[in-house]
Amino acid sequence: MSNLTPLEPLNETDRDLPLAAIDADEWERAAEKANACKAIEGACDKTKAVAMAAQTLGVDERTVWRICREYQIEPKVSALLAQKRGRRKGSRYLGVRREALLHEAIEKSHLTRERPSLGVAMDHLELECAKQGLACPCEKTVRNRLKAIAPEYVMQRRHGGKQTREKFKPVPGTLTVMRPMELIEIDHTLADILLVSDDARRVVVGRPWVTFAICVATRCVVGFHISFEAPTSSSLAMCILSIVLPKEQLARYLGFDLLGVEWPCSGEIEVILTDNGHDFHGIAIKRGCQEHGIELRYRPVGSPHWGGVIERLIGTMMGRLRMLPGATQRDVRAKAGQDVERRACLTLSEFRQWLVTEITAHYHQVVHRGIGMPPIEAWRSKSSSETSPACELSDHQCMRLYVDFLPYCERPISRVGINMHGMRYWSDELRDYVAKGVRHAIRFDSRDIRRVYFVDPFGQVIIVNCVRTDVPQMSVAEWQKLSSAQRTTGSIQQRIDDRIAGHDANKALVATSQKATRQAHRLSHKKVERDKNVLALPMPKVATEPTAPVTVFSPNRVPIPFEIMEF
């Protein structure tokens, strides 16, 4: 037992318990000891006072002197509570070597980002103890050591700093807003439900993206947008437009019914608070906010609690829609055993109507714990009596507000129109801006490839349509994907082989033609040189032959050979 060194015990004694949790008899006994110590301290004859106290308490005099020393060190009744017999809770009696091996096993085989189970640490500890010939501590001892480690340190090692801050970092303070529309929080979420198409087939399309906007002062939902496209600047532009518009006008544009329920939440925005998503950092969004006098703020990075109001709204709405058919639930375990695609039945327009009714007839009418009243009552009470209701905007004002938040590209306007996204766009209103060598800001909605928007110097929005009439409504991403697929349609290898064969054939044809041409040029050159040489020679002199004597026929002459002409 000489190698067992008791470590410093943990501070987990009865003294750490709340005073009200201590047993009444134990507290009375400790109070008697405290009174006896006070009497001894004030007595002239302390020996006689100690003897009387020993008789009163039923202990010997040595015990009384010990109690007095403890009371002098800490003059409290709780310091004289009776200690339980046996080992104190938290005492450690492993050897130094085994204690070191145990901590090493926990650090290296349990407190890692791979998050292994405690069994891995036990295996590591057993092997190390076997190497050094030591008895391995039991699993309960390892668990007790692990419990003694600070939970914050355990989560830091196993889950990282982000989750540790979210669970342990204090987040005091709150957003203080007094007026409606003073601070608007906006965020997107992928809804936990499958929607079907609007045609007769009603096939499953997918999960929609929902953009919510909430007024922090009143907790009223002031705007929303639903789309199958991932969040973009266009989604944010549509959401801001829904915030500013009176909801009766918005209902006419989007085709939903308010069912006679009041939804007065609209007007000019003062501040927008968002997260640090890339769609909120676009130049179009920043300049659109500056154009309309809206201050754009971002939450601190890694601090989601600053968006707690919108996050709670999203959680509430997602919890409500999980009761609908086609809901995908929160995770795979909750979805187990459900044929979600077969149960899906809502279209996009039907889901929009359900969401509007849920906002106006339920969420706005129920007491919100954050403000202690229904959101609609908070809007009425905090709205100034001098504030007039929002006026309906004209079509031109709606279009201008919408276009100001759209992304844009700088393009020249040529005689054939505007070239963007691999397509051409034209409008007769662009005639005055053709071929002037100026690049204009051409705005576009990433959800619709069929048109772009041009704002002239007078502030008028010109809608420029695509020159092709066979292009259906689709997003820019879908069009680019379709164009890429068309370029790669068919057998790619067959087309490559045909191109190689054609290239080789043309190459051989050109080589043959070049060879024939060079040969013809060489022959022509030789003929010219030969003719030059012939012309350069002197004319040959013709020798004069003597005139042959006239042969006179004589019948008596014998002819010589070769004089006879042959026919």
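**Entry 1: the five-stranded sheet**

In what order do the five strands of the open sheet stand, and what is the pairing? I read the order as β5-β4-β1-β6-β7, with mixed pairing. Strands here are DSSP runs of E, at least two residues long, and helices are runs of H or I, at least four residues long, numbered from the N terminus. Two strands pair if DSSP finds at least two bridges between them.

I note the ground rules before going on. This is a predicted model, where local features need pLDDT of at least 70, side-chain atom pairs count only at pLDDT 80 or more, and totals for chains, interfaces and linings use all residues. Residues are numbered from 1 along each chain as its sequence is written, and side-chain values use heavy atoms, with hydrogens and water left out.

Axes are lines fitted to C-alpha atoms, for helices over the stretch in contact, and angles between N-to-C directions run from 0 to 180 degrees.

β1 (residues 183-190) and β4 (residues 209-215) run antiparallel and are joined by seven bridges. Ile186 stands opposite Ala213 in β4.

I picked Leu183, which is found in β1. Is Leu183 buried or exposed? Leu183 is buried, with a relative accessible area of 7%. The classes, from a 1.4 Å probe on protein chains only, are buried under 20% relative accessible area, exposed over 50% and partly exposed in between.

I listed the contacts of Leu183, leaving aside neighbours within four places in sequence. They are Leu175, Val177, Ile214, Cys215, Val216, Val271 and Leu273. Contact means heavy atoms within 4.5 Å.

Met181 lies in the loop between α8 (161-168) and β1. Its phi is positive, about 65 degrees, although Met181 is not a glycine. Most residues other than glycine have a negative phi. Met181 counts as buried, at 5% relative accessibility.

**Entry 2: Arg115**

I looked at another positive phi. Arg115 has phi near 55 degrees and is not a glycine. Arg115 sits in the loop between α4 (96-109) and α5 (118-131). At 42% relative accessibility, Arg115 counts as partly exposed.

**Entry 3: helix α9**

Which strands does α9 lie across? They are β1, β4, β5 and β6 (271-274), and α9 runs at about 145 degrees to β5.

I then followed α9 (residues 233-244) to α17 (residues 395-404). Their axes are 8 Å apart and the packing angle is about 140 degrees. α9 and α17 are therefore oblique to each other. The classes are roughly parallel under 35 degrees, roughly antiparallel over 145, roughly perpendicular from 65 to 115, and oblique for the rest.

α9 passes α17 in a right-handed crossing. A crossing is right-handed if the near helix is turned clockwise from the far one by less than a right angle, and left-handed if anticlockwise. Ala237, Met238, Leu241 and Val244 of α9 meet Cys398, Leu401 and Tyr402 of α17. I sorted this contact as seven nonpolar, no polar and no charged residues. Nonpolar covers Ala, Val, Leu, Ile, Met, Phe, Trp, Tyr, Cys and Pro; charged covers Asp, Glu, Lys and Arg; the others, Gly among them, are polar.

**Entry 4: α2 and α3**

The axes of α2 (residues 46-57) and α3 (residues 61-73) come within 9 Å and cross at roughly 105 degrees. α2 and α3 are therefore roughly perpendicular to each other. Lys46, Val50, Ala51, Ala53 and Ala54 of α2 make the contact with Glu61, Val64 and Trp65 of α3. I sorted these residues as six nonpolar, no polar and two charged.

**Entry 5: the six-stranded sheet**

I read another open sheet, with six strands in the order β8-β11-β12-β13-β10-β9 and antiparallel pairing. β8 (408-412) and β9 (418-420) are the edge strands, each pairing on one side only. The twist averages 40 degrees from one strand to the next. β8 and β11 (residues 439-444) run antiparallel, with five bridges between them. Pro412 stands opposite Arg439 in β11.

**Entry 6: totals**

I counted 19 helices and 13 strands in the protein. Buried residues make up 36% of the 567 residues. Among contacts between residues at least 6 apart in sequence, 64% join residues at least 24 apart.
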